[in-house]
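Visitor: I have the model open next to the sequence. Can we go through it piece by piece?

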Amino acid sequence: MTDVTQAPQAGQSTQDENPDQGTDGHGGEHAVAVAAAHGVDTMFTLSGAHVFPMYDGAVNADPRMRLLDVRHEQTAVFAAEALGKLTRTPGLAVLTAGPGVTNGVSAITQASFSGSPLVVVGGRAPANRWGMGSLQEFDHPAVLSPITKSARTVHQVADIASSVDEAFTLAGSSHRGPAFLDIPMDEFFNRAVVERPTPAQRRRVQPDPDALSEIGALLGQAQRPVIVLGTDVWADGAEEAALRLVEQAGIPAITNGMGRGVVPGGHPMLMTKARGAALGTSDLVVVVGTPLDFRLGYGVFGGKDGAPQAKVVHVADSEGQISQHADLAASAAGDLTLALEGIQAAVEQQLRKPDWSSWVGELRAAVRAATERDNALLRAEADPIHPARIYGELLPRLAEDAVVVGDGGDFVSFAGKYIEPKRPGGWLDPGPYGCLGAGMGAAIAARIARPSSQVVLLFGDGAAGMSLMDVDTLVRHELPVVMVVGNNSAWGLEKQPMQMLYGYDVVADLAPQTRYDEVVRALGGGGETVTDPRQIGAALDRAFAADVPYLVNVITDVEAPYPRNTFGV
Ligand SMILES: Cc1ncc(C[n+]2csc(CCOP(=O)(O)OP(=O)(O)O)c2C)c(N)n1
Ligand SMILES: [Mg+2]
């Protein structure tokens with residue numbers, strides 16, 4: 001059975017091009033051609049008749065657009081979102097009307113929270129039956145408006161090309177995010193001769209030069225500055241300008257989100273391991289390309305060990321991203337490369353050349369001490385296995401260009417602590433929306449975006465259950481990915497807080513030692529379970545050598561929670 005109430009005639013596949021009159025095609029052909037012009041080569045989807053024209057458009061496109069069909073729409077949208085993050089070109093997900101679109105809602109919300117460039121095209125019940133109760137007749141934009149930059153219905157086939165073009169331009173411009181449009185089925189199948197627009201050049205907004213001078217002056221006066229580099233530094237293509245500023249001005253740096261790797265792991269100015277000391281005893285924190293949210297103490301720094309409160313500067317890719325709640329000494333908004341270069345020039349113009357060597361030395365000592373503490377746990381011989389030991393085995397096996405995806409609670413927090421990427425653009429975590437289930441789609445995208453890189457998907461056992469059926473997608477599309485499950489038989493990140501608050505816990509336990517590796521084997525991949533810490537390394541080697549999706553299911557100690565000092569509220 002298909003979900004068609006009234007099947008319109010499928011459009012013919014031939015396209016007539018006449019420069020004076022435009023191009024003939026059905027709605028799907030126009031949409032696919034415009035998406036391709038915006039750099040899209042893969043469409044993530046799960047079948048539904050409402051969006052058949054998109055498939056016909058992909059099949060007839062020259063070159064043909066890759067159709068990556070998944071087992072749950074959340075995976076399609078998480079994949080498109082992650083492809084947008086990795087390639088910095090908006091990803092495309094196509095969802096059938098009604099449940100197809102609503103199954104994508106969490107992933108679209110994540111894209112909104114993370115500022116990820118994403119276009120979602122939804123099917124929609126036919127306009128000529130609207131209000132009569134055809135299958136899956138649902139007004140999506142009403143639901144999607146709060147979580148997108150734009151959510152609207154395209155009412156005429158002749159408007160599809162221009163609307164898709166606008167959606168891509170909007171999704172890909174600062175501050176990036178998801179754009180949604182749905183197309184009534186009857187119009188989607190219709191034909192029209194239209195001018196297909198050419199993608200507009202990206203606009204670079206110059207930040208206010210006075211604001212940049214002010215930030216330079218604040219840095220000139222600071223004794224203990226720190227710069228925080230977040231996701232938008234990568235998203236805005238400002239990673240080189242950021243590293244130049246850090247190195248040439250000599251400012252200690254902390255990275256988060258996709259900013260990880262902008263200052264490479266092991267770099268003498270990278271102080272992420274001394275985060276507490278750096279942010280707690282700094283007198284000026286310059287935050288670039290990330291919101292002042294719970295991950296950054298809501299923008300309140302200093303105050304540790306009797307230190308005074310730090311001054312705070314916020315630099316963002318657009319005006320709307322500048323924090324409204326934090327007490328800011330200065331701020332600047334605009335293209336982040338121009339902002340960082342402007343700040344560097346302003347620092348160089350300061351009469352007083354700041355000497356931060358003792359502050360840098362203090363932080364380096366703290367980084368060394370933290371590294372030594374980490375090393376002890378990374379080598380832990382404990383039985384059951386301490387989760388840190390998994391990272392002790394994984395770290396030396398990770399190539400510089402590896403893409404690491406985290407999907408889980410405590411297990412992924414450990415990853416954030418121990419893995420310091422050597423390059424930017426290779427770290428995908430759930431971001432501030434914290435949505436479990438995002439990892440499988442992200443790993444699919446990583447495999448496509450970086451065909452020759454290692455792709456490692458770190459799963460909590462709870463999170464794994466949210467998307468494991470999409471191993472079938474990895475297998476069907478020949479996308480080998482290394483999956484590592486930190487299997488503590490629990491929703492660990494919730495179990496420990498509940499114990500702490502109530503002295504007991506409920507709904508936090510999962511079945512002991514579930515064989516997630518057998519699930520992967522049943523779906524056509526490979527895998528194994530590990531219970532001895534000394535066997536982890538060899539299992540990882542087999543996983544990296546496998547040419548199929550491979551899951552290493554490591555049974556870990558539920559009594560080894562991540563030592564966190566915030567629950568994000
Ligand atoms: C979609 C969704 N549902 C629920 C949560 C709440 N939550 C956050 S972490 C967590 C536990 C994750 O467990 P697991 O993946 O096994 O990782 P662990 O903490 O055990 O290492 C839960 C349930 C969430 N963040 N997202
Ligand atoms: Mg768990």
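Visitor: Which residues make the nonpolar surface patch?
Guide: M500, L501, Y502, Y504, V506 and V507 make a nonpolar patch of about 720 Å². Such patches take residues with over 30% relative accessible area and no salt bridge, nonpolar side chains (Val, Leu, Ile, Met, Phe, Trp, Tyr) being joined within 5 Å. Areas are Shrake-Rupley values with a 1.4 Å probe, and for residues only the protein chains shown count as cover.

Visitor: Before going on, what are the ground rules?
Guide: The model is predicted: local features need pLDDT of at least 70, side-chain atom pairs count only at pLDDT 80 or more, and totals for chains, interfaces and linings use all residues. Residues are numbered from 1 along each chain as its sequence is written, chains are lettered from A and ligands numbered from 1 in the order written, and side-chain values use heavy atoms, without hydrogens and water.

Visitor: Where does V507 lie?
Guide: In the loop between α20 and α21 (516-522). Helices (H or I, at least four residues) and strands (E, at least two) are DSSP runs, numbered from the N terminus.

Visitor: Is V507 buried or exposed?
Guide: V507 counts as exposed, at 77% relative accessibility. Buried means under 20%, exposed over 50%, and partly exposed in between (1.4 Å probe, protein chains only).

Visitor: Switching to the magnesium ion (ligand 2): which are its protein donors?
Guide: D461 (OD), N488 (OD1) and A490 (O), at 2.0 to 2.1 Å. Donors are N, O and S atoms within 2.8 Å of the metal (3.2 Å for Na, K and Ca); water is not among the atoms, so sites may look incomplete.

Visitor: And where do D461 and N488 lie?
Guide: D461 is in helix α18 (residues 461-464) and N488 in the loop between β18 (482-487) and α20 (492-502), so the pair ties together parts 27 residues apart in sequence. Both D461 and N488 are buried.

Visitor: How many salt bridges are there?
Guide: A search of the whole structure gives 31, a salt bridge being a side-chain nitrogen of Lys or Arg within 4 Å of a carboxyl oxygen of Asp or Glu. One of them joins D374 and K273 at 3.2 Å, N to O. D374 is buried at 7% relative accessible area, and K273 is partly exposed at 23%.

Visitor: What about D472 and R476?
Guide: They form a salt bridge, with the closest N and O atoms 2.9 Å apart. Both lie in helix α19 (residues 471-476), four residues apart, about one turn of the helix.

Note on methods:
Patch = residues over 30% accessible without salt bridge, like charges linked within 9 Å, V, L, I, M, F, W, Y side chains within 5 Å.
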